[in-house]
Amino acid sequence: MHWADVVASKVTGKQVVSTAISPSGEIHVGNMREVLTGEIVSRALRKAGIAVKFYYEADDIDPLRKVPNGIDQSFSKFVGQPLYKIPSPDGKHTSWSNQFIDPFVETLNLVGAKPEFLYTHELYEKGLFNDLIKKAIENREKISSILSEVSGKEIKGEYYPLNVICENCGRIDKTIVKSIEWPYAEYHCEACDYVGKRDVRNGGAKLPWRVEWPAKWVILGVTIEPFGKDHATAGGSYDTGKRIAKEVFGIDPPTPVVYEWIHLKGMGAMHSSKGILIRAIDMVKMVPPEVLRFLIAKNNPERHIEIDAGRGLISLVNEYDQYERIYFKKEPPFDPEKEEDYRRIYELSQISDVQEKIPVQVPYNHIINLVQIKKDINEIMEALRWSGYDLSGNLESLKKRIEAAKFWLENFAPDEFKITIKENPPNIKLDENEKNFLREVLNGYSKGLNPDDINKMIHDACSKTVGDQKKCFSTLYRIILGTDTGPRVGFLMTSLDHDFVATRIKFFIEN
Ligand SMILES: [Zn+2]
């Protein structure tokens with residue numbers, strides 16, 4: 001059974017799935033796993049006939065801890081203030097947090113995840129936390145002992161589970177509550193030395209994270225929550241949250257879906273030197289959206305995922321295509337006993353419903369060459385039609401792949417995948433042996449061959465003449481691209497106009 005169906009099989013009644021983020025900087029691809037895990041679980045619940053609500057909370061009342069790389073350090077004056085109150089660094093959004101949340105909303109749309117977005121500061125301002133803040137204060141000793149028992153952290157002095165926003169300097173991370181006369185808190189700000197008294201309801205203060213998390217479970221009625229393994233460690237915030245939920249707020253904690261990290265492999269030096277991770281929005285533009293879902297759906301949340309933005313990306317797309325052929329019974333499953341699993345993974349990878357017939361499959365390598373050789377999408381479609389692809393069905397996913405391939409080539413692809421066709425024959429001389437090889441190639445190079453046929457034909461032509469396969473491929477790259485290496489020759493030659501290639505080969509036989 002698929003992991004998401006396992007989660008769905010363990011619950012009954014209406015479910016509320018919740019995911020959240022503290023939007024203090026660029027939202028990277030690791031955060032995608034959380035939302036997509038929530039989205040896939042929600043879909044599994046719906047399939048099981050269970051009503052489900054799916055939330056995504058931007059914890060934008062959290063303080064800014066530090067100014068991330070790439071943002072003007074003058075913003076350091078806002079450190080310690082709630083994210084929603086800080087201006088957006090690029091000046092184009094309503095707040096610091098919205099600068100990072102806004103593109104993420106767009107990202108989620110692209111992968112077919114449509115949670116209801118909530119802004120935690122609004123939940124405070126609407127008063128939804130008021131009763132829970134009161135309860136937390138009344139139970140402050142109990143909370144203090146849960147925190148020290150479970151997390152092992154010693155709490156010194158009077159403990160008030162409350163972070164007040166300083167009315168003088170705006171910081172939320174440096175105020176110490178001295179006393180409370182509900183609903184007023186007397187506090188001292190250690191940053192600006194201000195002493196004040198303010199109403200802690202309706203956004204005047206927030207609960208600390210370990211208390212706020214279970215409070216959100218109460219407010220939203222959360223029953224299932226995916227979260228990263230950092231929160232799941234022994235003594236971590238889920239452990240304390242569970243007890244606070246039960247012993248202070250009187251509710252059962254949600255079923256956890258703990259996920260492992262996503263690691264990056266094959267990143268170009270350009271990015272690692274700048275210390276930039278792949279932003280979620282870039283990932284969605286670089287990987288066809290159903291393939292990104294496939295990556296998350298295929299791997300059990302407990303398994304860590306390695307994302308390879310280089311060559312591995314092509315293998316991933318090819319693997320998705322294989323699952324697609326299995327789903328549509330065009331290819332036998334690699335393990336017949338797991339056929340149902342493969343089918344389910346494919347279903348959950350779709351942005352919406354599975355199409356009635358198999359979408360046109362063009363090998364990704366081929367698309368990568370075409371987008372570099374052809375001027376625009378019309379030319380690409382023309383070339384595909386010419387090579388015998390049936391383009392009569394739904395072409396949405398093919399078009400998305402073409403877009404993704406372009407974006408990948410411009411931003412992330414290793415050089416080995418980049419090609420420039422020499423419009424005029426490069427200035428090189430071939431020996432007689434190489435010319436014989438080209439004569440054989442020209443003989444066998446008829447229109448309508450597929451990439452595999454072409455590779456075999458070239459292999460045979462080489463065996464009869466030069467003998468050294470590597471040298472033969474290199475000869476072809478040199479006369480077409482002007483380089484010693486290139487993409488797989490079969491794909492390259494089917495991407496190019498047949499007459500163009502034939503004329504080029506003739507030129508080198510004759511000169
Ligand atoms: Zn202050």
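Buried area here is the accessible area, taken with a 1.4 Å probe, that two parts lose on being put together, summed over both. The size of an interface is often given in just this way, as the accessible area lost when the parts come together. The model is a predicted one, in which local features need pLDDT of at least 70 and side-chain atom pairs count only at pLDDT 80 or more, while totals for chains, interfaces and linings use all residues. Residues are numbered from 1 along each chain as its sequence is written, and side-chain values use heavy atoms, with hydrogens and water left out.

The domain layout comes next. Domain bounds come from an automatic or database domain assignment, which gives domain 1 (3-130 + 209-259), domain 2 (152-206), domain 3 (264-416) and domain 4 (432-510). Between the C-alpha centres of domain 1 and domain 2 there are 24 Å. Domain 1 puts 17 residues into the contact and domain 2 puts in 15 residues, where contact means heavy atoms within 4.5 Å. On the domain 1 side, Gly80, Tyr124 and Asn130 lose the most area to domain 2, together 34% of what that side buries.

Polar links also cross this boundary. The count is 6 residue pairs in polar contact between domain 1 and domain 2, both residues at pLDDT 80 or more. A polar contact is a pair of N or O atoms within 3.5 Å; within protein, one must be able to donate a hydrogen and the other to accept it, and residues adjacent in sequence count only if both atoms are side-chain atoms. As for which elements build the domain 1 side, those giving two or more residues are helix H4 (120-125) and helix H7 (209-220). H7 supplies the largest share, 4 residues. Helices (H or I, at least four residues) and strands (E, at least two) are DSSP runs, numbered from the N terminus. Sorted by class, the domain 1 side that touches domain 2 has 7 nonpolar, 4 polar and 6 charged residues. In this scheme Ala, Val, Leu, Ile, Met, Phe, Trp, Tyr, Cys and Pro count as nonpolar, Asp, Glu, Lys and Arg as charged, and the others, Gly among them, as polar.

Now for the charges. Side chains of opposite charge can pair when their charged atoms come close. The rule for a salt bridge asks for a side-chain nitrogen of Lys or Arg within 4 Å of a carboxyl oxygen of Asp or Glu. The structure holds 35 salt bridges, and 2 salt bridges are found across the interface of domain 1 and domain 2.

Lys206 turns up in two of the pairs described here: with Glu212, the closest N and O atoms are 3.5 Å apart, and with Asp62 they are 3.6 Å apart. The Asp62 pair links distant parts of the chain, 144 residues apart, with Asp62 in the loop between strand E2 (52-58) and helix H3 (96-110) and Lys206 in strand E8 (residues 205-206). Asp62 counts as buried at 13% relative accessibility, and Lys206 is buried too, at 4%; buried means under 20% relative accessible area, exposed over 50%, and partly exposed in between (1.4 Å probe, protein chains only).

Other pairs sit elsewhere in the chain. In helix H5 (residues 130-138), Lys134 and Glu138 are 4 residues apart, so about one helical turn separates them, and their closest N and O atoms are 3.7 Å apart in a salt bridge. Lys134 is partly exposed at 33%, whereas Glu138 is exposed at 56%. Lys298 and Glu319 meet in a salt bridge at 3.3 Å, N to O. Lys298 belongs to helix H12 (residues 289-298) and Glu319 to helix H13 (residues 311-327), so this pair ties together parts that are 21 residues apart in sequence. Lys298 is partly exposed at 23%, and Glu319 is partly exposed at 24%.

Asp5, Arg344 and Glu347 are linked in a network of salt bridges. Asp5 is found in helix H1 (residues 3-9) and is buried at 15% relative accessibility. Leaving aside neighbours within four places in sequence, Asp5 is in contact with Ala44 and Arg344.

Finally, Cys189 lies in strand E6 (residues 184-189) and is buried, with a relative accessible area of 0%. Not counting residues up to four places away in sequence, Cys189 touches Cys166, Cys169, Lys174, Thr175 and Tyr194.
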